[in-house]
Amino acid sequence: MSSPILTIVVPCYNEEEVLPETVSRLSAVLDRLIQEKLVAKESVMLLVDDGSKDRTWELIDQYSRSHDYVTGVKLARNAGHQNALIAGLMTARHTSDIVISIDADLQDDTDAIREFVLKYLEGAEIVYGIRSDRTTDTWFKKTTAESFYKLMLRLGVQIKNNHADYRLMSKRALDYLSRYKEVNVFLRGIVPLLGLRTAEVMYERKERFAGESKYPLRKMLSFALDGITSFSVKPIRMVTITGFLLSIFSVFAGAYAIISKLWGTTASGWTSLILSVWFIGGVQLLALGLIGEYIGKIYREVKQRPLYLIEKSIPAQQDYADPADFDRIPVGAERARR
């Protein structure tokens, strides 16, 4: 059996500071795997420039000329981490037997890539990179992350605990993934739905090598909300249950008010009245906001706008005109010619 062709997909957004080290380390990993004949010599890394504002694409173009393994894709605009990752995966699946996705910040242990490939050779078609600990995280980030995973599991979402987007996927897994047409992409929830044989590789997550995190608190909260509302309707049901409980409470409160009036023990209370109005009003606004979040997702899905547009690629890629291909890959996008 011939060695599989591996593509390492690396989404990049303003990674000018860390990119030289990323290319160096991943090149060393590919060298080792090829020498051990675990992967084919055609294996490469695919750097996806997600509309960076710094010299990221310039560096990718430069490294593609000086390094044997470097290829690149430049998106026409900043599409977001998940969409950039989809762009890389769908581009790589046409020429690869296996694809490994990893962030450019080098927090994920690149040495674990070898274990990923070994798990694939043993029969796994999806291999998850699982963090063995969170010692490098702050108390706040650790607490919120653990709470997020627990909440997702309680809501019925099939998600791997302490797993981000560091994973291996076979060509068949990518073909299955291409059939998921949703615009609200949350890969951590979609991949477990593919139903193929899986394996796990434990690794220690490191400090960011250079640069700043591209996921501040605001983006983390937005990402968590997208994940929850994309894969579970339980929040809507919780609103329904809350409304039902408040209705029951209001019946008892009304009965109490009537009895107090008949017994002559009523007492006017401005505070209790205002607090009840504010409480009910707050619950209503919260419910409307939650319902609006789901309606907003329906709105985005119905429009079916492309998740990304490829402006350039290195080397030049063919146009994807096959209707069986992923719908979101643009036909006739501008290509860089070398």
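Predicted model: local features only at pLDDT ≥ 70, side-chain atom pairs only at ≥ 80, totals over all residues.
Residues are numbered from 1 along each chain as its sequence is written, and side-chain values use heavy atoms, with hydrogens and water left out. Local features require pLDDT of at least 70 and side-chain atom pairs pLDDT 80 or more, whereas totals for chains, interfaces and linings use all residues.

Helices (H or I, at least four residues) and strands (E, at least two) are DSSP runs numbered from the N terminus. The axes of helix 1 (residues 19–35) and helix 2 (residues 56–66), lines fitted to C-alpha atoms over the stretch in contact, with angles running from 0 to 180 degrees between N-to-C directions, come within 11 Å and cross at roughly 35°. In this contact (heavy atoms within 4.5 Å), L19, P20 and V23 of helix 1 meet T56, L59, I60 and Y63 of helix 2.

Within helix 2, T56, W57, L59, I60, Y63 and S64 are buried, where buried means under 20% relative accessible area, exposed over 50% and partly exposed in between (1.4 Å probe, protein chains only). These residues lie on the same side of helix 2, because they cover an arc of only 155° around the axis, the arc being that of the directions from the helix axis to the C-beta atoms. The buried residues of helix 2 pack against helix 1 and against strands 1 (6–12), 2 (44–49), 3 (70–75) and 8 (310–314).

Turning to the backbone, N14, in the loop between strand 1 and helix 1, has a positive phi near 55° and is partly exposed at 24% relative accessibility.
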